[in-house]
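Me: Please take me through the model below by question and answer, with each term defined where it is used.

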Protein chains: 2
Amino acid sequence: MKLSKTEEELMSHLWKLDKAFMKDLLEEYSEPKPATTTVATLLKRMTDKGFVGYELFGKSRQYFPLVEKTAYFSKHVNGLIKNFFNDSSSQFASFFTKETDLTKKELEELRAIIDQQIKNK
Amino acid sequence: MKLSKTEEELMSHLWKLDKAFMKDLLEEYSEPKPATTTVATLLKRMTDKGFVGYELFGKSRQYFPLVEKTAYFSKHVNGLIKNFFNDSSSQFASFFTKETDLTKKELEELRAIIDQQIKNK
DNA sequence: ATTAATACTCTACATTTGTAGAATCAATTC
DNA sequence: GAATTGATTCTACAAATGTAGAGTATTAAT
């Protein structure tokens, strides 16, 4: 099962906050914020799909993600890669670094990470 | 306007082939292949959305992409990044290189590319 | 010519998505 | 204790998606 684009956005807020009540999630949206009922519907659907859990606090719910961001994202990204880059991660990676506009500092950070990984191979 | 997941898959075939007749596109699918009418519908919708064009060859059409893969992908990826990594490309990049399982060779390739890019900054 | 195969359009239909009002129930405030 | 606020569920509904049959036109094969 997967999330729709809109659900993903909400999910990203939830990942960011880690635990959150409805109102916290609503606050995360920039204007124009969706109606509370809209978010409620989304949360319900996401709960049904098994991506979100909650703990009751008195009468209201504190929601939390049931899937790791990285886990979800890996799957997601791999799908994209398969589709667009005929399954080549490195092709994708080089494309990515070319396309997204990283600053010099970011690039250097990234190189450091890569160096580290090369060392571990 | 954007493509749905299924449309994206078809689009990836089209990008790969660059120009293709219906049957060529159908061949690209692995089993179980969709019905020809399904692909035809998809192609029509994608044409309507302005992602695909075609040239008539006698009675049938040779389809071709009207959007660059990289252009489309940039937009796509940027949306994801925004959602999942709070707008930080470098955060994404480091995540990506950690998560996807690049070989030593691929990593070295990638480092070379990055070095190149650092030089140009 | 008759048939068979192709490509395409039209139509169809169940699901999913995006969005939110109305109603309900509980908590808080005046 | 009456009214307001907040969270949730129910209901609704249009648009988009996934999928493909039926019908039509055209070309190729026999």
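Me: Which residues come nearest to DNA strand C?
Reply: This is a predicted model, in which local features need pLDDT of at least 70, side-chain atom pairs count only at pLDDT 80 or more, and totals for chains, interfaces and linings use all residues. Residues are numbered from 1 along each chain as its sequence is written, chains are lettered from A and ligands numbered from 1 in the order in which they are written, and side-chain values use heavy atoms, without hydrogens and water. A residue is near a strand if one of its heavy atoms lies within 4 Å of it. There are 18 residues around DNA strand C, and those that come nearest are S4(A), T6(A), T41(A), M22(B) and R61(B).

Me: How do the residues of the surface near DNA strand C divide into nonpolar, polar and charged?
Reply: Ala, Val, Leu, Ile, Met, Phe, Trp, Tyr, Cys and Pro count as nonpolar, Asp, Glu, Lys and Arg as charged, and the others, Gly among them, as polar. On that basis the surface holds five nonpolar, seven polar and six charged residues.

Me: What distance separates a polar side-chain atom of T41(A) from a base nitrogen of DNA strand C?
Reply: A polar contact is a pair of N or O atoms within 3.5 Å; within protein, one must be able to donate a hydrogen and the other to accept it, and residues adjacent in sequence count only if both atoms are side-chain atoms. For T41(A), the distance to a base nitrogen is 2.8 Å.

Me: Which element gives the largest share of the surface near DNA strand C?
Reply: Helices (H or I, at least four residues) and strands (E, at least two) are DSSP runs, numbered from the N terminus. The largest share is five residues, and it comes from α3(A).

Me: Is V39(A) buried or exposed?
Reply: V39(A) is placed in helix α3 of chain A. Buried means under 20% relative accessible area, exposed over 50%, and partly exposed in between (1.4 Å probe, protein chains only). Because its relative accessibility is 0%, V39(A) counts as buried.

Me: By what turn can chain B be laid on chain A?
Reply: Copies are superposed by least squares on the C-alpha atoms of residues with pLDDT of at least 70 in both. With an RMSD of 0.2 Å and a shift of 0.0 Å along the axis, the turn is 179°. The two copies are therefore related as by a two-fold rotation axis.
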